[in-house]
Amino acid sequence: MLSYIIRRILYAVPILIGVNLITFLLFFMVNSPDDMARAQLGAKQVSPELIHSWKEARGYDKPLFINYESEGIQKATDTLFVQESLKLFSFDFGFSDANRDIGSDIKERMAPSLAIALPTFLIALITNISLALLLVLFRGSVLDTSMMILAVMIMSISGLFYIIAGQVLFSKMWHWVPISGYESGWDGVKFIILPVLIGVFAGIGSGVRWYRSIFLEQINQDYVRTARAKGLSELKVLFGHVLRNGMLPILTGVVVIIPSLFMGSLIMESFFGIPGLGSYTIDAIHAQDFAIVKAMVFLGSVLYIVGLILTDISYTLFDPRVKLS
Amino acid sequence: MKIILLWTDVMVWLLVISLLLWAWTVSRSPQVRKLWHTVFKSSIAMASAIILLFYLLFALLDSVHFRLATTTNESQSKTLQYGGITSLLDIMFSHNMKNTERTYSAPFATHEYTKSIVLNEHGVTKQEYLPLKYVGTGDDIIGKSIFAGFVGLVIVGVLILMHILWRGRRGLKSELPWRTAYLTFGVLIITFTWLYLLSYHYHVLGTDKVGGDVLYQSLKSIRTGVLIGILTTLIMLPVAVILGVSAGLFGGWVDDGIQYLYTTLSSIPGVLLIAAGVLSMQVMMDNNPTWFETTLERSDLRLLFLIIILGVTSWTGLCRLLRAETLKISQIEFVTAAKAFGVGKVTIIRRHIIPNLMHIILISVVLDFSGLVLAEAVLSYVGVGVDPTMHSWGNMINQARLEMAREPMVWWSLFSAFVFMFILVLAANLFSDRIQRVLDPRNKS
């Protein structure tokens with residue numbers, strides 16, 4: 001088990017190097033350090049010395065991939081790409097354009113992101129699975145058909161609509177919850193209710209449809225027929241057999257996104273003024289702050305790969321047939 | 001008149017031509033004909049297909065661009081807004097483009113939405129609602145509506161009668177739900193005629209902050225939405241198919257390399273990869289101002305880049321599916337037999353692999369469409385979507401969002417954008433459901 005996990009983590013290294021290469025290409029080939037310096041320093045008539053000192057301060061004065069002035073192995077390592085990648089791998093994200101430490105910013109903003117993302121995820125998971133089980137229990141009935149039509153309609157409405165409509169109805173017209181803002185601790189609950197509810201509702205259409213299709217696939221299997229033939233009640237079949245065997249495909253889809261919850265939701269956080277990582281990213285995109293976007297890309301990929309590894313491990317826990325080797 | 005071909009226009013028309021060619025080749029195979037016949041047997045599928053075609057028609061009308069020869073400057077003052085480039089849709093709605101009001105007005109309103117300070121003849125300043133500049137007296141909505149409805153009914157009646165007569169020559173018996181088709185068609189045409197004819201007298205869906213007509217904006221946005229939905233999948237399709245099939249068929253280091261490529265790409269969060277791509281593209285376009293002459297060409301180029309970036313980020317899912325399916329198919333006896341007979345690799349791919357992958361490709365094309373249309377709105381909100389000067393539902397929502405705090409609310413811009421988007425996405429979702437049900441072999445039971 002342990003050796004498997006170590007192997008998987010080692011396998012993640014080339015992927016992260018690839019991610020770095022892609023972001024590096026996007027940011028440095030198109031937007032050369034000279035351009036960045038000019039954009040940062042502002043004035044059109046900046047002197048070459050000023051640009052040089054700006055680049056030197058950030059270590060951007062090295063060549064991109066191959067350093068011809070160095071000797072031996074230094075030819076490859078004393079370059080911008082390797083230096084930048086090494087910094088990222090040690091989770092040293094450097095400073096943003098506004099000269100703030102990105103690493104500590106990220107740590108600070110993780111909690112508000114989780115305060116929204118985690119409840120949304122859990123409530124959505126429970127609601128969607130229960131609704132899907134209910135529909136499978138009454139499959140083929142009027143309830144099933146009408147709920148499926150409703151699900152398609154919920155899916156077809158833009159998520160932005162739910163947010164705007166929710167804010168107008170619950171905050172502006174009925175004054176149930178504040179329109180936006182954030183506070184830590186229990187006082188903050190009033191701020192997160194609305195975004196969580198909207199997040200759950202917006203995902204209910206596609207979620208219920210997905211879980212329902214998983215359960216329906218199970219319900220046509222032979223073992224379910226056998227269970228019914230043995231005289232088990234429909235409810236027992238549903239919870240004891242269908243739900244348990246449906247857990248595997250559900251795990252594949254669900255576990256992988258758990259680590260990414262740290263990243264928060266871009267849209268929710270910026271609409272509701274929550275100081276999490278999502279709004280951090282959006283602000284960085286609006287301000288064209290490449291350093292922050294790069295850090296978030298790296299963080300997001302790391303979390304995704306962690307999710308993939310967790311998925312594999314959870315398989316061994318839930319499916320006795322799967323052996324990691 | 002000089003025809004102007006924008007980059008996206010070229011791609012749209014290429015797409016239409018290739019779709020027609022594909023439909024023509026496919027229609028010669030009786031099996032495939034039967035399959036599509038089954039798809040359209042469902043009245044929901046028929047209705048949504050007609051709605052989709054209607055949207056496509058607007059997108060195509062808006063994809064014929066030309067420069068009108070200007071003789072007088074006065075009559076052409078408004079069409080010169082885009083450096084003289086107009087589309088067929090612009091010509092249809094040239095009255096709306098010209099009739100720009102000063103500021104917000106509600107649907108069918110005769111007066112402006114906010115009070116302005118005016119000086120009356122006695123020299124006293126007063127606050128009052130000014131009448132709109134380009135709206136009639138507004139007394140006879142019902143009469144005009146009846147007239148518009150009548151015109152619509154005549155058009156629909158003639159077209160449907162022609163179709164029935166054409167069908168009658170081949171025998172009227174048909175399993176297809178033509179009644180639903182006629183009903184959808186009729187509702188669409190009559191609604192549109194009503195909106196169109198009344199748009200000569202009113203701002204049917206109101207006006208936005210700078211007085212632009214919301215109906216015109218919503219219709220212009222159709223092209224952006226449809227293009228992003230279709231062209232993105234079209235661009236990524238060859239990459240996904242070639243890489244997926246070769247990974248599944250050749251195995252070894254080819255398989256390893258391709259798997260590494262798509263795992264790496266898919267491990268980057270989608271929005272961030274798109275944002276990074278769009279940010280870099282912006283810098284690139286700022287550094288190369290010679291690539292485009294007018295704002296329209298600039299926003300068109302940006303749309304093209306956005307489509308390419310979306311394509312690059314979205315091919316991984318389909319590629320993974322195709323690789324798995326190819327692996328499965330290449331183990332089946334008919335492929336082994338073909339190999340044993342010494343059939344070449346290319347022929348095996350063309351005759352045995354690709355036809356068996358068609359259903360996956362088709363399903364993913366229609367499934368992705370609705371997601372991409374919705375994504376456009378979100379991306380425009382984040383600031384990495386289409387150019388802010390381009391008409392799109394995302395931009396409409398983005399601009400109108402700030403006005404929700406107004407009392408009373410300015411709701412019509414948001415409402416129109418959401419309704420136009422909802423109808424398109426709902427139709428696409430229903431249609432893709434039907435296609436999935438008919439084409440996916442797992443559903444045969």
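Author: Helices (DSSP runs of H or I, at least four residues) and strands (DSSP runs of E, at least two residues) are numbered from the N terminus. The model is predicted: local features need pLDDT of at least 70 and side-chain atom pairs count only at pLDDT 80 or more, while totals for chains, interfaces and linings use all residues. Residues are numbered from 1 along each chain as its sequence is written, and chains are lettered from A and ligands numbered from 1 in the order in which they are written.

The part to look at is helix H8 of chain A, residues 159-173. The expected span of a helix is 1.5 Å times one less than its number of residues.

A residue is buried if 20 or more other C-beta atoms, placed from the backbone, lie within 10 Å of its own, exposed if 12 or fewer do, and partly exposed in between. In H8(A) the buried residues are Gly159(A), Leu160(A), Ile163(A), Ile164(A), Gly166(A) and Gln167(A). Two residues are in contact if their C-beta atoms lie within 7 Å. The cover over the buried residues of H8(A) comes from both chains: it includes helix H9 (189-219) and helix H12 (266-271) of chain A, and H13, H14 and H15 of chain B.

After H8(A) comes His175(A), in the loop between H8 and H9 of chain A. His175(A) is not a glycine, yet its phi is positive, about 55°. Most residues other than glycine have a negative phi. His175(A) counts as exposed because 9 other C-beta atoms lie within 10 Å.

Next, the contact between the chains. In total, 35 residues of chain B are in contact with 38 residues of chain A. On the side of chain B that touches chain A, the elements giving two or more residues are helices H9 (252-267), H10 (270-287), H13 (345-382), H14 (393-401) and H15 (412-439) of chain B. H10(B) gives the largest share, 9 residues. By class, this side of chain B has 25 nonpolar, 9 polar and 1 charged residues; Ala, Val, Leu, Ile, Met, Phe, Trp, Tyr, Cys and Pro count as nonpolar, Asp, Glu, Lys and Arg as charged, and the others, Gly among them, as polar.

A nonpolar core is a set of buried Ala, Val, Leu, Ile, Met, Phe, Trp, Tyr and Cys residues joined through C-beta atoms within 7 Å. The largest one has 141 residues, and Val293(A) and Ala275(B) have the most contacts inside it. Helix H8 of chain B, residues 214-250, supplies the largest share of this core, 17 residues. Leaving aside residues up to four places away in sequence, Val293(A) touches Ala284(A) and Ile285(A), along with Leu272(B), Ala275(B), Ala276(B) and Leu279(B). Another core, of 14 residues, lies apart from it and includes Leu133(A), Leu135(A), Val136(A) and Tyr211(A).

Last, the confidence in chain A. pLDDT is the predictor's confidence in each residue, from 0 to 100. Its mean over chain A is 83, and 89% of the residues of chain A reach 70 or more. Confidence in chain A is highest in helix H7 (residues 142-156), at a mean of 92, and lowest in helix H4 (residues 74-77), at 66.
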